[in-house]
Amino acid sequence: MTSLISSDTRIKVSSVLNRDNASFGKQNMIDGSEETCWNSEQGLPQHILLDFASPVSIESIALTFQGGFVGKTCMALGSVECSPNDYSINLGNFYPEDINSAQTFNFNATEPLKRLKIIFEESTDFYGRITVYKLDVIGKTI
């Protein structure tokens, strides 16, 4: 299996800390640097939305959080190409640990999805902020 995130993948996030996209924007999750991150504003839920160039089958999601700013109750939802705004395919819930290390969450291979929405329903941060240093989605292009 391979990374499904490419230069053609569009990424949207629910918020960016202080609207400082240069320092804390979505691009920092996939730039390969261990020094940059996406940091959300306070408040829950927060989310990351990935729109793939072509349909994909998702097998796992890999995330590296900043300890203390971890999404502790998370949900992965998908949508198909003919209904991209209908996130009715539930890949499952996952529960990251409050650590700085990379964590991988496996799912049963999905039907072909056009979009993936990762929802952070709860955070280990009192104010509901989420900080992600690295994001990857593993699977295959259909």
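These exercises, each with a worked solution, explore side-chain interactions in the structure above.

The model is predicted, so local features need pLDDT of at least 70 and side-chain atom pairs count only at pLDDT 80 or more, while totals for chains, interfaces and linings use all residues. Residues are numbered from 1 along each chain as its sequence is written, and side-chain values use heavy atoms, with hydrogens and water left out.

**Exercise 1. Rings around Phe94**

Work out how the rings of Phe94 and Phe105 are arranged, then do likewise for Phe94 and Phe107.

Solution. 

Step 1: Start with the rule. Rings of Phe, Tyr and Trp (its six-membered ring) pair if their centres lie within 6.5 Å; planes under 30 degrees apart count as stacked, over 60 as edge-to-face and the rest as tilted. The structure holds 5 such aromatic pairs.

Step 2: Apply the rule to Phe94 and Phe105. Their ring centres are 4.6 Å apart and their planes meet at 35°, so this pair is tilted. Phe94 belongs to strand β6 (residues 89-94) and Phe105 to strand β7 (residues 102-106), 11 residues apart; strands (E, at least two residues) are DSSP runs, numbered from the N terminus.

Step 3: Turn to Phe107. Its ring centre is 6.0 Å from that of Phe94, with planes at 80°, so the pair is edge-to-face. Phe107 sits in the loop between β7 and β8 (113-123), 13 residues from Phe94.

Step 4: Check burial, where buried means under 20% relative accessible area, exposed over 50%, and partly exposed in between (1.4 Å probe, protein chains only). Phe94 has 4% and is buried; Phe107, at 11%, is buried; Phe105 is buried too.

**Exercise 2. Around Ser123**

Trace the polar contacts of the Ser123 side chain, and see how Asp125 and Arg129 meet.

Solution. 

Step 1: Locate Ser123. This residue lies in strand β8 and is buried, with a relative accessible area of 8%.

Step 2: List the polar contacts (N or O atoms within 3.5 Å; within protein, one must be able to donate a hydrogen and the other to accept it, and residues adjacent in sequence count only if both atoms are side-chain atoms). A polar atom of the Ser123 side chain lies 3.0 Å from the backbone nitrogen of Asp125. The Ser123 side chain also reaches the backbone oxygen of Arg129 at 2.8 Å.

Step 3: The side chains of Asp125 and Arg129 meet at 2.8 Å, N to O. Asp125 is buried at 10%, while Arg129 is partly exposed at 24%.

Terms used. Helices (H or I, at least four residues) and strands (E, at least two) are DSSP runs, numbered from the N terminus. A salt bridge is a side-chain nitrogen of Lys or Arg within 4 Å of a carboxyl oxygen of Asp or Glu.
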